[in-house]
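Student: Please take a close look at the backbone in the loops of this model, and go through it slowly.

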Protein chains: 2
Amino acid sequence: MSSLTLALDAMGGDHGPHVTVPAALQALSHYPHLNLILVGDRIAIGEQLRRHNATESPRLQLLHAEQVVPMTERPIQALRTRRQSSMRLALDLVRDGQADACVSAGNTGALMAMAKVVIRTLPGIDRPALVATLPTLSDQPVYLLDLGANVVCDSETLFQFAVMGSVLAECVGQRRMPRLALLNVGSEEIKGNDQVQQAAQLLQACPQLNYRGFIEGDGIFSGAVDVIVCDGFVGNVTLKASEGIAHLLIQQLKQGIEGNLLARLLGWLLKGRLRRLNQRMNPDQYNGASLLGLRGIVVKSHGNADQAAFLRALEEAMVEVERQVPGRIKDRLESVLLDKS
Amino acid sequence: MSSLTLALDAMGGDHGPHVTVPAALQALSHYPHLNLILVGDRIAIGEQLRRHNATESPRLQLLHAEQVVPMTERPIQALRTRRQSSMRLALDLVRDGQADACVSAGNTGALMAMAKVVIRTLPGIDRPALVATLPTLSDQPVYLLDLGANVVCDSETLFQFAVMGSVLAECVGQRRMPRLALLNVGSEEIKGNDQVQQAAQLLQACPQLNYRGFIEGDGIFSGAVDVIVCDGFVGNVTLKASEGIAHLLIQQLKQGIEGNLLARLLGWLLKGRLRRLNQRMNPDQYNGASLLGLRGIVVKSHGNADQAAFLRALEEAMVEVERQVPGRIKDRLESVLLDKS
């Protein structure tokens, strides 16, 4: 396998180097063809390296960054004032060809804004989208986009999301002719707002996509389709609401189990199952949302990801590099647009 | 307690009189001050009455309707062509003062459209909203609106929803100064689209409402607030996605329990808990979404509600009659608008 290099925003996320450095070291020991560039505060990263008895090496480089993007900073502010931040420098490495992809657990809005300026969108793509997978009743997870990068989307943007999501499901998710749906308030053709109505027309007219029509909120988890497209407002609220109700359910089940002695005993015996359930519902297990539509690969980890979850994000970036996702999106887009014109 | 009369669209929902008639009879035996008018096909309803050894009486009247609104008919079509439908005649009874409220498990869009024309909105309300409660980590459920009546909403409409939801939480949910939030993609002030941004400004300027700011999707189930406002597209998708993931979780837990003999035994012992959990997550247990903002009371039952769930919808309508919800909304709205001008 040919080697590949990831640039890590080592300072991003709620835990910074405490999580990113051990995850990086784990990735290096798992994957001999992987090289990493840790970008961030030299002292903070060095401390973590020492704690784990690791040193810089040809496979593990350190690039010092003066600044960190605060988690709550406005994207436009970050874009203007954080040119020496770990996030920005990690993106610069991708732009300059020194890294094949960038991974960050930092401020999502800032990452979006910087990636758009530094790495730029592919020809034919107006705005990048944030995509991740969710569990379903079938064996295969479903790709949902956009998850909050674009709170307002017109039908053309939704169409572009459909192309990008289909390519990702095909080349990373390994689905043949991924089944695609638009998220809507009803499955009948007459339902929805103007954007989804018009996007449906664009998708119906596109033979390269396996468009299956509208899907309702409960259909997300049914496994009936591989890719679901919606605007970033709806996608973000839906994703977080799903996390919220999963948490509620698991809490209630735990409370029930703690209720009496017999139940406590059963609960103790069922603990492994509950833990696995919790993991399956835990978004960190599906960690590594991708910013699609850029000329390079950028993966966003959950801000409060732990080591295992951050490792998942690194692995997602590696697969996208190996499958050359941006190039594939570009090719597909060209063929679709050529057909349309 | 003074008597009250509900008009039932006995034909609505997936099961029609098979569910609505026994639920009606159960309600009559529970509540001595209740009168019901069953609206629908005389023969189909009569058959169910005979099956349950019931007959017409002063407390149980039957109003024949020639037509039924199909579940998939477009609202505009239903409005034009179903003037003799059970749904329409039940609404007419409310308009004419012969019933205090109408309950239907029929086509939601048609019910909305007909209710708006027949019963009309309150002064100062542009569009009615569909509201229901969802379970939370606290003891108290949360009111979420709009659930799909209005897929596009401006900030003024969201503000009206906030007033209506607060009144319902106060007089039916018995919360003092209900805590109110806008559903958004982030809790920081800068987040969201124009509609929620502007709605936030309107709400901040309104001292009669206990506005607490933005809430994210996972906050819906936290119990941190009593009322959450969003447009009908977001609300509908969120509600159904929550149903979907609850179903997924319960399925996975069941599968896990069926996995091996010990687990099966435990599962058998835990069955009651799982059933209760299922019930708590089952939207039918929270059945009875209200159409708020009308000059009369209209309650929408889930289309596939069973007898117990339809009974819940009847009870919701009774409480709204007793607490005079439309009058209270009208009063509150007048005081709010007076203050604004």
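**Backbone in the loops**

Tutor: Asp146(A) is found in the loop that runs between β6 (142-145) and α6 (155-171) of chain A, where helices (H or I, at least four residues) and strands (E, at least two) are DSSP runs numbered from the N terminus. This is a predicted model, in which local features need pLDDT of at least 70 and side-chain atom pairs count only at pLDDT 80 or more, while totals for chains, interfaces and linings use all residues. Residues are numbered from 1 along each chain as its sequence is written, chains are lettered from A and ligands numbered from 1 in the order in which they are written, and side-chain values use heavy atoms, leaving out hydrogens and water.

The peptide bond that joins Leu145(A) to Asp146(A) is cis, with omega at about 5 degrees. In chain B, Asp146(B) lies in the loop between β6 (142-145) and α6 (155-171), and a cis peptide bond with an omega of about 5 degrees links Leu145(B) to Asp146(B).

Turning to phi, Arg120(A), although not a glycine, has a positive value of about 65 degrees, and it sits in the loop between α5 (108-118) and β5 (129-134) of chain A. With a relative accessibility of 47%, Arg120(A) counts as partly exposed (buried is under 20% relative accessible area, exposed over 50%, partly exposed in between, with a 1.4 Å probe and protein chains only).

Gln324(B), likewise not a glycine, has a positive phi of about 50 degrees; this residue lies in the loop between α10 (307-322) and α11 (325-340) of chain B. Because its relative accessible area is 55%, Gln324(B) is exposed.
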